[in-house]
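Subject: Structure for you to look at

Hi,

Here is the structure I promised, with my notes below it. Have a look at it first, then read on.

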Amino acid sequence: MSSVAVTHLEYDIVIAGGGMVGASLALLLSKKSEKPLNILVVESFPVATSAENNSATPQYSPSFDARSTALSYSSRLILEPLAVWGVLGQHCAAINTIHVSDRGHLASSVLTNEQVQWPELGYVIENAWLGNVLLNQLQQQPAVEFLAPASVKSIQPLNKGVALTIAQGEDTKTVRAQVTVVADGANSNLRKKLGISTHVKNYQQTALIANVSFQKPHDGCAYERFTDQGPMALLPLSNSSSTEPRAALVWSLSKQQAEHLTQCDSSEFLQTLQQRFGHRLGEFTRVGERFNYPLQLVESQEQVRSGIVIMGNAAHSLHPVAGQGFNLALRDCARLSELLVAAHKSQQYLGDLSLLQQYTQQQQFDQHKTTAMSDQLPALFSSKQKPVSLLRNMGLTLIDILPVLKKAFIHQAAGLHNGAAGAGR
């Protein structure tokens, strides 16, 4: 993997965005293809190479305040063949139990890995470590070039493929690709430049995120607690940077509440959190740096055009409840890579619209089902109407007592429902 300059003017695939989604897609394409694909990844942020680190091992110093991502069991199955899972596990906390509850009501449900006979239900990993491991493995792929910092300034559709203007420092070059993947985030500039509109649903809430520590061991349990103010999730973290048990908090609140709790002193914050969450983990003892961001559902109205694919948060940015965003994007990557690798093997043109439409057709069910779950759960559990409250508590009770229903719910949450990419692994 090169990070110096564009060395070709013709590529099979250009990926605009070298974050976790772009890097995962590039790895899947390069690892799966028997016939090497010529891939260029363009990332706007600077990235250290293994040569600069003087080490083949990714470098990262764990931090109490590191932001994290929840990985489903299906994501592990997708990542394992890429030779990264053993390294990822060094800073990974396993989720063995998920405790779902509705504040103020007796009904709850406990999901465990033993109920589906998996080693774990999922994992929580620090974003910087996940990104470093993926990029480090990508550097071992000779057919992949990596430009950073650099940016795709424009994408021009051609009769066959696309032309891209790439800026790196003071240099600007135009390259051609059979297909370009746009993976530059929820506020994608390239999506806007292509004139692709979005559907935006404003949840009128703000997510407060922070890492917290507490007295009792979390024992690999993730908590999803629905309250009248919005959902609250506590995801177990590894103790690689701290002797205290700790978890990643994602707390949905009104804008005013979130801004106040972001700025107030830590003692007031911990007291408020204790009141809302309870004492299952004992006393909360510490909170790290706090951030907040407005909650929206953003969906691209188009995901494919001839020679163009929109992916990751640029395609669908979800409510953080149940932590589905990156996991869905990774399943998208697995599906697209399978189609492109098969097409490359049979010498089919990769930017062919009918080929790319197969990707959206095959992923449509998974995307719609996952998006609907992330969208509807907060509304269902925040409703104060008595009939709705009765129905959701009956649902939680039924999930808890009926093994068939519980297994189906776990498979859906883990991205291993029928038809999902990676479900057959």
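This is a predicted model: local features need pLDDT of at least 70, side-chain atom pairs count only at pLDDT 80 or more; totals for chains, interfaces and linings use all residues.

Residues are numbered from 1 along each chain as its sequence is written, and side-chain values use heavy atoms, with hydrogens and water left out.

Now the overall picture. The chain has 12 helices and 20 strands, taken as DSSP runs numbered from the N terminus (helices are H or I, at least four residues; strands are E, at least two). Of its 425 residues, 55% are buried. Take the contacts (heavy atoms within 4.5 Å) between residues at least 6 apart in sequence: 76% of them join residues at least 24 apart.

What runs antiparallel to β7? Strand β3 (residues 68–72) does, joined by 5 bridges, and so does β4 (residues 92–95), with 4 bridges; DSSP has to find at least two bridges for strands to count as paired. T69 has I125 as its bridge partner, while I95 sits opposite G122.

On to salt bridges, meaning a side-chain nitrogen of Lys or Arg within 4 Å of a carboxyl oxygen of Asp or Glu. The count is 10. One of them pairs R76 with E120, at 3.1 Å between the closest N and O atoms. R76 is in helix α3 (residues 73–79) and E120 is in the loop between β6 (108–112) and β7, so the pair ties together parts 44 residues apart in sequence. R76 counts as buried at 17% relative accessibility, and E120 does too at 16%. R76, E80 and E120 are linked in a salt-bridge network.

Another salt bridge joins K345 and E34 (3.9 Å, N to O). K345 lies in helix α9 (residues 325–345) and E34 in the loop between α1 (20–32) and β2 (39–42), 311 residues apart. Both K345 and E34 are exposed.

Cheers

Conventions. Buried means under 20% relative accessible area, exposed over 50%, partly exposed in between (1.4 Å probe, protein chains only).
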